Amino acid sequence: MENKANGTRPGTSNSAKERIQRVDPYGFERPEDFDYESYEELMSEYLVVLTRRSIKWSKLLQGHSKVEKSLKVKRYVRKGIPNEHRALMWLAASGAQEKLEKNPGYYNKLLESEHDDKLVETIRTDLHRTFPDNVQFRKTSEPCLQKTLFNVLVAYGHHNKAVGYCQGMNFISGYLLIITKDEEKAFWLLDALLGRILPDYYTPAMLGLKTDQEVLGELVRVKAPGVWQVMTQHNVMWTLVVSRWFICLFIDVLPVETVLRIWDCLFYEGSKIIFRVALTLIKHNQAQILTARAFPDVCDHFKDITRGGFVEDCHAFMQKIFTEPGSLSKATINKLRDTLREQITSQDF
Amino acid sequence: MRGLCVAIADLQKLFAHGGQAWEPNGQPVLRTALPYLHRINREVDVNGVYGSRRTRRGEKCQERSNIVGGPIRPHGHDSGVQFSFLKRVIDCHSAKPVRTMSRKKTAKGKNSTSGTAAKDKDNGKSGKGTTGAEALSNGVVHPSRPSLSNSGEFYDIAFKVMLVGDSGVGKTCLLVRFKDGAFLAGSFISTVGIDFRNKVLNIDGVKVKLQIWDTAGQERFRSVTHAYYRDAHALLLLYDVTNKTSFDNIQAWLTEIHDYAQQDVVLMLLGNKADSTHERVVKREEGEKLAKEFGVPFMETSAKSGLNVDLAFTAVAKELKHRSMKEPSEPKFQLHEYVNKEMTKTTGCCGS
């Protein structure tokens, strides 16, 4: 592909593959089959957006040490927080900053305390399996995020003993470290997510996860009945196709930039965003899912719909998530959560 | 644990009966509580205790199917070749060896059949107004034309295999080695939830599609993943020979399997990472002993060197294919013997 580009435009010399770095701004190595041409095309447009947003955000934050929540800020967040302000905004919006300031030294105390051996061992098993494709997580890199990741997870495991460590937390903490570049901030953001923003996805019973999977199912039944019918027909349980969406908050499901844009809203608006994203993916690709002729087709389609141009164009995708699923009130979700949680508990899963 | 030993030993006995299961009084066990199980007219039941457990669990399954999306619906019409979304091409999910006893829900399968008419008779008893062909849906896929799997490969029959075992024992690596022949040295990520890959094997001229489910090993995910156990035709239970805890946990896994998997599930114990001679803490003999105790076939594998990887999956595929396709007069496929023979043939070092 790159040779072809070379051949046809000798004057402009290099192909997209040669112009674009092999490692993305977050340290992830681009996969072998990465489509450099379309990425370049996409970025040429997105960079304009980023620049515009960056200017707007600088003005917004100018002279303010704190950002109050407002409709304007919400709109700004939905259009994407520039990377340079991301950590700040996540911390402020989620209440993590406040916690951090109110508990000086708490994080270090957790690290210094005696560690639970079993917890440490469980975390260690996953350290080298967390973003091996990210150069910052290599053992040889300096600073090595594998070490700070270990600290954040061990500290959190002792901070929230009911959760301890659950797979998926490694990926979430990894992203938090990439963005904040500060383990204490990452710790408090993790605390905000697991303690306040998300239901109990990560506790041993995983009741919040089971509930939200079924909530999504109910929402799909109303908003994309065809898909619901296909799922029912082939007896595909929701957990099978969407558990990773919830547990990893779309990490490794959607492209990095898209995930970060989703998280902008997640920290600001709460867990409702997860349903918006999931419903958008499902509704937008309804026709494709409906072609499933058998159980494995359904599973395959659910993998396919998380790839391609639709999700890579993060700016357009984020606009879609607020239009495609239609109205989705917090009250609806909470009501569904209550009903379904009760159903699940009474069925003694 | 003792109860489990008995159960598995009974399982072995049942295999010897060609998979037919009867109550001690000679009556087939009917699952009246579960309409979708009616199609399978026989249920494994070795003793009274067992039967009651099964029923209870069966009800549980039904409850779950209700929350997930309501009870399984009756069949739409098989409309031939063109596929509306109502048309279901039977696949591994609903594929189920006919001759073996099963608790599996079956209502969603159907298929065109050929060369398997004899099997319909077995299912005829199940009532529920299913036609012979539909009744076959709890059977293996025998399409008149080979089916096209989603990876674009043709296959004759399909099965669902699950990989289970502690976190970090190498389930994903084993699967990738089998699927792509590659070893994921330091480039794999921990599996969250559940994932699957397909591979079509040619077993004695029959294209057998294995849909292989890779599960998260962490204990809390079990409550999420054991929902799939009941649909699995085979389970590969892994431990890591360099990790004593993963070996010690095998008994707990067997209990889990006993509680949630089909009783006739094909089970094999694998000691993975056998290439790590220096770090090894579990001797091959220990694995063999444990496997013998529970009456399951055993081998050591290495996703890194490829040792026994193909053999493990092939043996399972052979067993499943044999179970589903053999004529009554045919002798039983001896999985144990096959495994032992193949291992001495191919590796020498790990054969028993």
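1. Helix H13 of chain A is followed by A:Asn235, and the phi of A:Asn235 is positive, near 55°. The helix itself spans residues 225-233 and is mostly covered, with seven of its nine residues buried. Those buried residues are A:Gly226, A:Val227, A:Trp228, A:Val230, A:Met231, A:Thr232 and A:Gln233. The model is a predicted one, and every value in this note is computed from it.

2. The next helix to look at is H14 of chain A, residues 238-247. How many of its ten residues are buried? Nine are, and H14 is therefore described as mostly covered, given that buried means under 20% relative accessible area. The buried set consists of A:Trp238, A:Thr239, A:Leu240, A:Val241, A:Val242, A:Ser243, A:Trp245, A:Phe246 and A:Ile247.

3. Just after H14 of chain A comes A:Leu249, with a positive phi of about 50°. A:Leu249 is a residue other than glycine, and that is the point of noting its phi. The residue sits in the loop between H14 and helix H15 (256-269) of chain A. A:Leu249 is buried, at a relative accessible area of 1%.

4. B:Asn308 is not a glycine, and its phi is positive, near 60°. Its place is the loop between strand E8 (298-300) and helix H10 (309-325) of chain B. With a relative accessible area of 6%, B:Asn308 is buried.

5. On the overall build of chain A: the chain has 21 helices and zero strands. Its radius of gyration is 21 Å, close to the 20 Å that the globule rule gives for 349 residues, so chain A is as compact as a globular protein of that length. Along the principal axes, the C-alpha atoms fill a box of roughly 65 × 55 × 40 Å.

6. Burial and surface of chain A can be read together. Of the 349 residues, 56% are buried. The accessible surface comes to about 15,400 Å², and carbon and sulfur atoms account for 51% of that surface.

7. Which share of the contacts in chain A joins residues at least 24 apart, among contacts between residues at least 6 apart in sequence? The share is 72%.

8. Aromatic rings deserve a point of their own. Over all chains, the structure holds 30 aromatic pairs. One of them is formed by A:Phe28 and A:Tyr175, a tilted pair with 6.1 Å from centre to centre and 55° between the planes. A:Phe28 lies in the loop between helix H2 (16-19) and helix H3 (36-61) of chain A, while A:Tyr175 belongs to helix H10 (residues 169-180) of chain A, so the pair ties together parts that are 147 residues apart in sequence. Both partners are covered: A:Phe28 is buried at 7% relative accessible area, and A:Tyr175 counts as buried at 4%.

9. A further pair consists of A:Phe131 and A:Phe137. Is this pair stacked or edge-to-face? It is edge-to-face, with 5.4 Å between the centres and 70° between the planes. A:Phe131 counts as buried at 1% relative accessibility, and A:Phe137 counts as buried at 3%.

10. The two pairs above belong to one cluster. Ring pairs link A:Phe28, A:Trp90, A:Phe131, A:Phe137, A:Phe171, A:Tyr175, A:Trp263 and A:Phe267 into this cluster.

11. Two prolines of chain A remain. A:Pro143 is joined to A:Glu142 by a cis peptide bond, with omega about 0°. A:Pro143 is placed in the loop between helix H8 (117-127) and helix H9 (145-159) of chain A.

12. Where is A:Pro199 found? A:Pro199 is in the loop between helix H11 (183-197) and helix H12 (207-223) of chain A. At 14% relative accessibility, A:Pro199 counts as buried, because the cut-off is under 20%. Leaving out residues up to four places away in sequence, A:Pro199 touches A:Gly208, A:Asp212, A:Ser271 and A:Arg337. From A:Pro199 to A:Asp212 there are 13 residues in sequence and 8.4 Å in space, C-alpha to C-alpha.

Note on methods
Residues numbered from 1 in each chain as written. Chains lettered and ligands numbered in written order. Predicted model: local features only at pLDDT ≥ 70, side-chain atom pairs only at ≥ 80, totals over all residues. Heavy atoms only, no water. Buried < 20%, exposed > 50% of the residue type's maximum accessible area, 1.4 Å probe, protein only. Helix = DSSP H or I, 4+ residues; strand = E, 2+ residues; numbered from the N terminus. Rg over C-alpha atoms; globule rule 2.2 N^0.38 Å. Contact = heavy atoms within 4.5 Å. Areas by Shrake-Rupley, 256 points an atom, 1.4 Å probe, with all protein chains shown as cover. Phe/Tyr/Trp six-rings, centres within 6.5 Å; stacked < 30°, edge-to-face > 60°.
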